[in-house]
Every structure is written in structure tokens, then in C-alpha cells.
Amino acid sequence: MAPVMLLAGGYEGKLNTLAFDPEAATLEIVASNTEAGEAPTWIAFSNDSKHFYTIDEHSDQNGFVASFDLDLQTGIATRTSSVPSGGHAPASTVILYPAEEHKSSQDHPPRLVTAHYFGENVSSIPIDPVSGKLEADLGARQLISFKGHGTPGPVKSRQQQHHPHEANLDPTGRFIVVPDLGTDEIHVLRINAAGDLVADHKQGVTTLSAGAGPRHVLFNPLGDKTILYIMNELSNSISVYNFIYPAEGSKNLFPVLEPLQPDLSILPAQPFPHQSDFTNWHSAELGLSPDKSALFASNRAEPHDPVGADPQAMGEEDLLAVFELDASTGLVKSPTERPKLIASGGRAPRHFSFSHLGKQAKTGLPAGREYVAVALHDSDEVVISEWLGGAELKEVVRKKGVGKPGIVVFV
């Protein structure tokens, strides 16, 4: 069985392609690229896995996004285009594909939608549907600004302004959801027939608990309803919402977010022995098991300093919180109890991903097995474990010296 590839980007300015062989328990860097900027900490793959897109978290006020082709045999990534993203400090990006009736039309190309943490905006850039290159003409770029439409939250050190932290496409492909860490809001942008983003700063906004600091969201479609999980970075909690789509013919063109289980803590009962409180703790990523029975959430217990962090001043390893879910409703089974806390494998698990989300991994890994890859930037490693069900992970292999990874995804 041929190794399965993963792609990791991080704070040393590298994109590393890793080859994972679960039978031999090996994980090796097979290719590296340094053309994605200083901090390529988000990666979005095209549907066919032939192209992928990166942001540079540390780019200037104009932002930076790039497109790459990936050779699935060698793991070599080749940059094909790079353009200003349209805002300061891009944080995440997602590919928006045209509606089925427009897929053959040159007037409705795919778009790269990017959230800018300091830019207080979201941009949409056309993608060439054949080459995968980003449109260089800045006149074709769309910008949606949130400035002046919300009030910063109470955490003065982190909530001075709008901080859009993610752009996430809903399961129907009709809406972009943007968690705003700075104003404790969830913005929903509508996608019109032309593929443009449409904002409504009243109907399209949901306010969360003060100081929550929403960072990421995760959809869980369940037949006739859709559950939305929200990762609140500043309060170290998750919130569970019902994502209610507008009825056909309704004057309200935006979904309604109905709170079901807000503010479920992912913290342990006590901080680590070298800490007096949870001041430095800040949560990072969400992930759903393939059978939808477990919701995973990662926590970072130290100040965010991936470039200059002092390993001697840290705990041994950070934690993953795992909530048991009712697979039929998507709700947390025991919302008044703490989730099960397990070791993440290292320090600062900024991102993790399940293997079934990768097209190559889905078909290339042993049948019936599921793996979780964790990107740990402070301990500078990627750890892969086999998921055994529920909150059970069994470490298979780890690789150190991976460029202080902020993201890792199965190809």
C-alpha cells in the first residue's frame, strides 16, 4: 500500500508534504516549498485535489494568497499564482463553487473567499476553473467590510475591533459563515445567483455571549436540520446552534441561528501545575468524528507565540476535549458535565484533521480505519493517531521539525 500524503503549513514559512504509512508507522517529509509567505497557516484544497490555496497570516495590509498545483505522486507543490488578498492578516480561506446551473459558464467562476483578522473584511477572488490560478485583476475582487457595524467585546487585549477569523461554506453552498472574534458575532453572507457575496448587517448577524470570541465553526448536516458548532476561543467553550435556513418565499433571505447548548466549557477543572489560572488558555479547532458521535476541540494552554515560544516555560502537552454526541440530533449528550480530556501529543494544537476528509486518504488508507493528524506549533511536530471510537486515540507516529505547523490536512 502506497503512503498517503498530508500537507502542513506553519510559522517558518514552509509548506511540507508528508508521506504517512500506517502499516510501517512512518511519517516523512518528502517535499518542501517556501513560496507561500512567512506563515502559510491555512490550506484549502479544490474538489479534485489537483490545486490548493494558502494564506500568509503574517502578510502586510494588502494580504497574500497563493495557488499551487500538487503532484500526487511526488508530493511536490508548485506555485501557479499569488495575489493580494484584500486585507491585513488573512486567517482562513475557502473555495466557493458556482451553482450547478452555472458550472459551465465563464461568467460564474469558482471564487476564493478569505477572512482577514486585522483587515475587518472578507474578500472574494475569482479562480480560473481550468488552471486553478487566482485572478490577478484586482477589479474582479469583491470586498465585504464589517467596519462600523458592531461593537468590540469586553476582552480589551483581544477585542479592539472586528476580527473575522474564518470563512466557512455551509453544506448547501448558499452561505458563507464568518465568526468574528472581536465583536462576539457570527456573520452570515448570502451568495446570490451571480456568485457575489451579499451582507445584511442586521438579518445576517447573530450575537453570542460577551467575551466569547468566536474563532471557528463546524457544520453537521442531519437530514432535515443542520447543526452549527461554534468554537469560542476567548471563553474556551463551544456553542451548539440550530442553523435554520430561510423558508422558500420568505422576506428574510438569511438563516436564523437558534441557540441549543451555548457556552459549554472545554477547560479542565484546574490549570496546569505551573499556572495559577486559565488566563493564557485559548481554544483553537473543532472536528467531528466520521460517525458523528464525538466532537473534538483543541486547547492551547500557553500564550500565542509560535515563533519565540520558550519550551522550558510550558507544560508537557496540551489537551483535546471530546464531547459525546447524540448522533441523531447532533447535541452534546451531557452538557452539564465536563468533556473527556485527552492528550494532544504536544504543545499548541492549533489545528487537527480527520483522515476521511482527504480524498486520497479516504481511498488510500486501510479500510475501516480512521486517523487524526494534529499540528503542534510550539513543540514543532505533527502527530498522527488512530481513532478507535469515542474519545480514544492511539498514537501511530510523530514527526518533529515540521516548520512549526499551524495546520495539517490529509490530501
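Good morning. Strand 8 and strand 9, the latter covering residues 111–116, pair in the antiparallel sense over six bridges. Strands here are DSSP runs of E with at least two residues, numbered from the N terminus, and two strands pair if DSSP finds at least two bridges between them. The model is predicted, and its local features need pLDDT of at least 70. Residues are numbered from 1 along each chain as its sequence is written.

Within this pairing, Ile 95 stands opposite Leu 112 in strand 9. Both strands belong to an open sheet of four strands, in the order 8-9-10-11, with antiparallel pairing. At its edges lie strand 8 (90–96) and strand 11 (142–145), each of which pairs on one side only.

I turn next to strand 25. Six of the six residues of this strand (residues 349–354) are buried, so the strand is largely enclosed by the rest of the structure. Buried here means under 20% relative accessible area with a 1.4 Å probe, protein chains only. Strand 25 runs antiparallel to strand 26 (residues 370–376), and five bridges join the two. Phe 354 has Val 372 as its bridge partner in strand 26.

Which residues line the largest cavity? They are Phe 146, His 187, Val 188, Leu 189, Ala 199, Asp 200, His 201, Gly 204 and Val 205. A cavity is a set of points on a 1 Å grid over the protein atoms alone where a 1.4 Å probe fits but cannot get out, and lining residues have an atom within 4 Å of a point. Strand 14 (residues 185–191) supplies the largest share of this lining, three residues. Thank you.

Notes:
This is a predicted model: local features need pLDDT of at least 70, side-chain atom pairs count only at pLDDT 80 or more; totals for chains, interfaces and linings use all residues. Side-chain values use heavy atoms; hydrogens and water are left out. Buried means under 20% relative accessible area, exposed over 50%, partly exposed in between (1.4 Å probe, protein chains only). On a 1 Å grid over the protein atoms alone, a cavity is a set of points where a 1.4 Å probe fits but cannot get out, and a pocket is an open set with protein on both sides within 12 Å along at least five of seven lines; lining residues have an atom within 4 Å of a point.
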